[in-house]
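This report looks at charged side chains and how they pair. Have the sequence and the structure open while reading.

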Amino acid sequence: MIQEDRKADRKAIPIYTGVIKYFPNAIKEVAKCSYQGNLQHHADKPLHWDKSKSNDHLDAMMRHLIDAGTMDTDGILHSVKVAWRALANLEIELEKNIL
């Protein structure tokens, strides 16, 4: 019964239709940002999030927010980096508090 409840709960969350379909271009750009960051920090390794590289997501997000609407030197929009940092911060909060 618990397994079926989890399955129903999982199906009730519209990840594709409620996020990916709403923001396909934004999600694509955030994925590019992740890839660019991996090239910068671990070009010799498969794509992964090295959480030890940065833990000041809110400060970094604000630095990028100041330059929102412009391109960073690596060709990634500062607004994309704002979104990436916001997601990173949220993921860490959820891991600490909920998961």
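A residue is called buried when its relative accessible area is under 20%, exposed when it is over 50%, and partly exposed in between. The model is predicted. Lys32 has a relative accessibility of 39%, so Lys32 counts as partly exposed. Glu29, with a relative accessible area of 26%, is partly exposed as well.

Side chains of opposite charge can pair when their charged atoms come close. How many salt bridges does the count come to? The count is six. The table lists some of them.

| Pair | N to O distance |
|---|---|
| Lys32 and Glu29 | 3.1 Å |
| Lys51 and Glu95 | 2.7 Å |
| Arg63 and Asp56 | 3.2 Å |

Lys32 and Glu29 both belong to helix 3 (residues 24-42), where three residues, about one turn of the helix, separate them.

Lys51 and Glu95 form a salt bridge too. Lys51 sits in the loop between helix 3 and helix 4, while Glu95 sits in helix 5 (residues 78-97), so this pair ties together parts that are 44 residues apart in sequence. Lys51 is partly exposed at 36%, and Glu95 is partly exposed at 32%.

Arg63 is partly exposed, at 47% relative accessibility, and its partner Asp56 is partly exposed at 30%. A network of salt bridges links Asp56, Arg63 and Arg85.

Is His64 buried or exposed? His64 has a relative accessible area of 14%, under the 20% cut-off, so His64 is buried. His64 is placed in helix 4 (residues 57-66). Apart from neighbours within four places in sequence, His64 contacts Asp72, His78, Lys81 and Val82.

Conventions:
Residues are numbered from 1 along each chain as its sequence is written. This is a predicted model: local features need pLDDT of at least 70, side-chain atom pairs count only at pLDDT 80 or more; totals for chains, interfaces and linings use all residues. Side-chain values use heavy atoms; hydrogens and water are left out. Helices (H or I, at least four residues) and strands (E, at least two) are DSSP runs, numbered from the N terminus. Buried means under 20% relative accessible area, exposed over 50%, partly exposed in between (1.4 Å probe, protein chains only). Contact means heavy atoms within 4.5 Å. A salt bridge is a side-chain nitrogen of Lys or Arg within 4 Å of a carboxyl oxygen of Asp or Glu.
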